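Welcome! Take a moment to look over the protein shown here, and then let's walk through a few of its features together.

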Amino acid sequence: MEDVKKRKIEEASGNGEEILTYSEDHLRSLLDPLAKPQLVDLLAKLGSQYPSIAEEIKGVASADPVHRKLFVRGLAWNTSSDTLRAAFSEHGEIEEGAVIYDKASGKSRGYGFITYKYMESTQHALRAPSKLIDGRLAVCNLACEGLSGTSATLDLTQRKLYIGGLSPNVTSEMLLHFFGRHGDIEEGSVAYDKDTNESRGFGFVTYRTVEAAKKAIDDPQKTLGGRNIIVKLADSHKGRTVQSQLPPAMVPMALPLAAGYPQPGKAHAGATPVGYGYPQTVAAYPDSSYPSPPTAPYQAQSQIPYPYYIGKQ
């Protein structure tokens, strides 16, 4: 109890003021009920006034690599780990950085990771998450956020455009320059073949705002590289309209019918049937040990077309 309430009273030099020093346990009891925003404001204020506290905050924050590791996607197939590190080294000292390759083929999977030594470098890189590397606009975000960090938002379907009909000589730089007049681009590139690294004749552009994407779609000037190009929402290009599944086509089969069961297309010459059974001329399964089904008495019910009935059986 004395440790919790312990106070060390010292005389301040010159003015006789008392400086109260609380024990760590006592301070914890005071901080524990506070909400996170209150703690953040408190530490920020103390860090700005006392450099030693600021260094302590920096050390704790940088100790966890979660705050220092970036996920970089949209890399060109020929981008190496050295190129990736060189592109991000402008923001600070890099502790680790590599492109991820497929184990079977040995080819790049189009993304990689960068881990800075200090948290401030990571924050600096995130201020400009889009970076042109080897002709492609790569995008980075905190690795702990995955794909939800930058573009995976609710309005992504209204910001991402499909660009079709591209000439083979149109590069990603040309594509980004052409569409950059409508607004800031978050991500964009020509689609290249993994094996030949040649253009596949289309690409994608993701704007930061929905308004910029609408301007690009409504722009009547859609000529790039000497060709008329297609500009539309990437989501609509997928053809996501789901068609109802149709049952397999059933071919009508003319099978002999039991007496008393009217055959389609033919008049029934006999009297009104009072009962009917299963078709007697249909062969049973080989070596079947199942007994024949009993004949059910006739009950008034809706007629089922015979080919459909056979198909269901």
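## Before we start

A residue is called buried when its relative accessible area is under 20%, exposed when over 50%, and partly exposed in between (1.4 Å probe, protein chains only). Please keep in mind that this is a predicted model, where local features need pLDDT of at least 70, side-chain atom pairs count only at pLDDT 80 or more, and totals for chains, interfaces and linings use all residues. Residues are numbered from 1 along each chain as its sequence is written, and side-chain values use heavy atoms, with hydrogens and water left out.

## The overall picture

The protein has 9 helices and 13 strands; helices (H or I, at least four residues) and strands (E, at least two) are DSSP runs, numbered from the N terminus. Of its 313 residues, 27% count as buried.

Contact here means heavy atoms within 4.5 Å. Among contacts with a separation of 6 or more, 60% come from residues 24 or more positions apart.

Helix α2 (residues 36–49) and helix α3 (residues 51–63) have axes that come within 5 Å and cross at roughly 125 degrees. Axes are lines fitted to C-alpha atoms, for helices over the stretch in contact, and angles run from 0 to 180 degrees between N-to-C directions.

Which residues of α2 and α3 make the contact? From α2 they are L43, L46, G47 and Q49, and from α3 they are P51, I53, A54 and I57.

## A helix with two sides

In helix α4 (residues 81–88), the buried residues are S81, L84, A87 and F88. These residues are on the same side of α4 because they cover an arc of only 125 degrees around the axis, the arc being that of the directions from the helix axis to the C-beta atoms. On the other side of α4, D82 and A86 are exposed.

The buried residues of α4 are covered by elements including β3 (69–73), β4 (94–101) and β5 (108–116).

Most residues other than glycine have a negative phi. D134 is not a glycine, yet has a positive phi of about 50 degrees. D134 sits in the loop between β6 and β7 and is partly exposed, at 39% relative accessible area.

N197 is not a glycine either, and its phi is positive at about 60 degrees. N197 lies in the loop between β9 (185–192) and β10 (199–207), and is partly exposed, with 37% relative accessibility.
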